[in-house]
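Thank you all for making time this morning.

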Amino acid sequence: MNKVMKWLALAIVASSLAGCGYNDFQRKDESVKAAWAEVVNQYQRRADLIPNLVNTVKGYAAHERETLEAVIKARAAATSIQITPEVLNNPEAFKKFQQVQGELSSALSRLMAVSERYPDLKANQNFRDLQSQLEGTENRIAVARQRYIKAIAEYNILARQFPSNLTAMMFGYKVKPSFTVENEKEISTAPKVDFGKK
């Protein structure tokens, strides 16, 4: 009878461990890391395109030095941050990474606006190709962010729901930060459109 109780206790412990969510945490954590790696991959693609784009614009709009320097400076800041898996668990480092990437996006927007003032530049095949590649990269970044946000949501749900939250507490699996928008108040306000004549 004593042997049967030992085997029964062992079976109960084994089944409770199987249902504790530990393996789910491993799977979800790896999904988050893979999704993050794709975000970083797309940011790197964008960073690699920028020098060619800046050099093309320089030939046509040399006196737009301030805009060009802002793009170069923002790219340097964005590529200077070391991207490690620890960034995902450090809200401050993650926020800093998001900030420099946002600054780079803003600088690139200003650079694209400059091109509107130079018809010869807009007609240049190299510029059009680079602009198209950059637009495609921005779309890829958006898709990669979306997948990352989904992976984070799945991980965070696992970390917060019962009974897997007990496993999270036991093994130190904390809720991970997701992408946020810095100017959330600004973008939540509907733009004013006025077609009236002044």
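This is a predicted model: local features need pLDDT of at least 70, side-chain atom pairs count only at pLDDT 80 or more; totals for chains, interfaces and linings use all residues.

Residues are numbered from 1 along each chain as its sequence is written, and side-chain values use heavy atoms, with hydrogens and water left out.

Now the overall picture. The chain has eight helices and zero strands, so that, taking the DSSP definition, the order from the N terminus reads α-α-α-α-α-α-α-α. Of its 198 residues, 33% count as buried, where buried means under 20% relative accessible area, exposed means over 50%, and partly exposed is in between, with a 1.4 Å probe and protein chains only. The chain exposes about 13,300 Å², and carbon and sulfur atoms supply 55% of that area, the areas coming from the Shrake-Rupley method with a 1.4 Å probe, where for residues only the protein chains shown count as cover. If we take contacts (heavy atoms within 4.5 Å) between residues at least 6 apart in sequence, 78% of them join residues at least 24 apart.

Which residues touch the most other members of the largest nonpolar core? A nonpolar core here is a set of buried Ala, Val, Leu, Ile, Met, Phe, Trp, Tyr and Cys residues joined through side-chain atoms within 4.5 Å. The largest one has 21 residues, and those touching the most other members are Phe-25, Val-32, Trp-36, Val-39 and Tyr-148. Two or more residues are given to this core by each of α2 (22-60), α4 and α6, with α6 supplying the largest share, eight residues. There is also a second, separate core of 18 residues, which includes Ile-50, Val-57, Val-71 and Leu-108.

Staying with Val-39, and leaving aside neighbours within four places in sequence, we find Val-39 in contact with Ala-144, Arg-145, Tyr-148 and Phe-179. Gln-42, which is found in helix α2, counts as buried because its relative accessibility is 6%. Under that same exclusion of neighbours within four places, Gln-42 is in contact with Thr-137, Arg-140, Ile-141 and Ala-144. The C-alpha atoms of Gln-42 and Ile-141 are separated by 5.5 Å, although these residues are 99 apart along the chain.

Let me return to α6 and α7. Two packed helices are described by the angle between their axes and the distance between the axes. The axes of helix α6 (residues 125-160) and helix α7 (residues 164-171) come within 5 Å and cross at roughly 90°, which means that α6 is roughly perpendicular to α7. The axes are lines fitted to C-alpha atoms, for helices over the stretch in contact, with angles running from 0 to 180 degrees between N-to-C directions. The contact is made by Leu-158, Ala-159 and Arg-160 of α6 together with Ser-164, Asn-165 and Ala-168 of α7.

Finally, is Asn-165 buried or exposed? At 18% relative accessibility, Asn-165 counts as buried, and, not counting residues up to four places away in sequence, Asn-165 touches Leu-158, Ala-159 and Arg-160.

Terms used: Helices (H or I, at least four residues) and strands (E, at least two) are DSSP runs, numbered from the N terminus. Angles under 35 degrees count as roughly parallel, over 145 as roughly antiparallel, 65 to 115 as roughly perpendicular and the rest as oblique.
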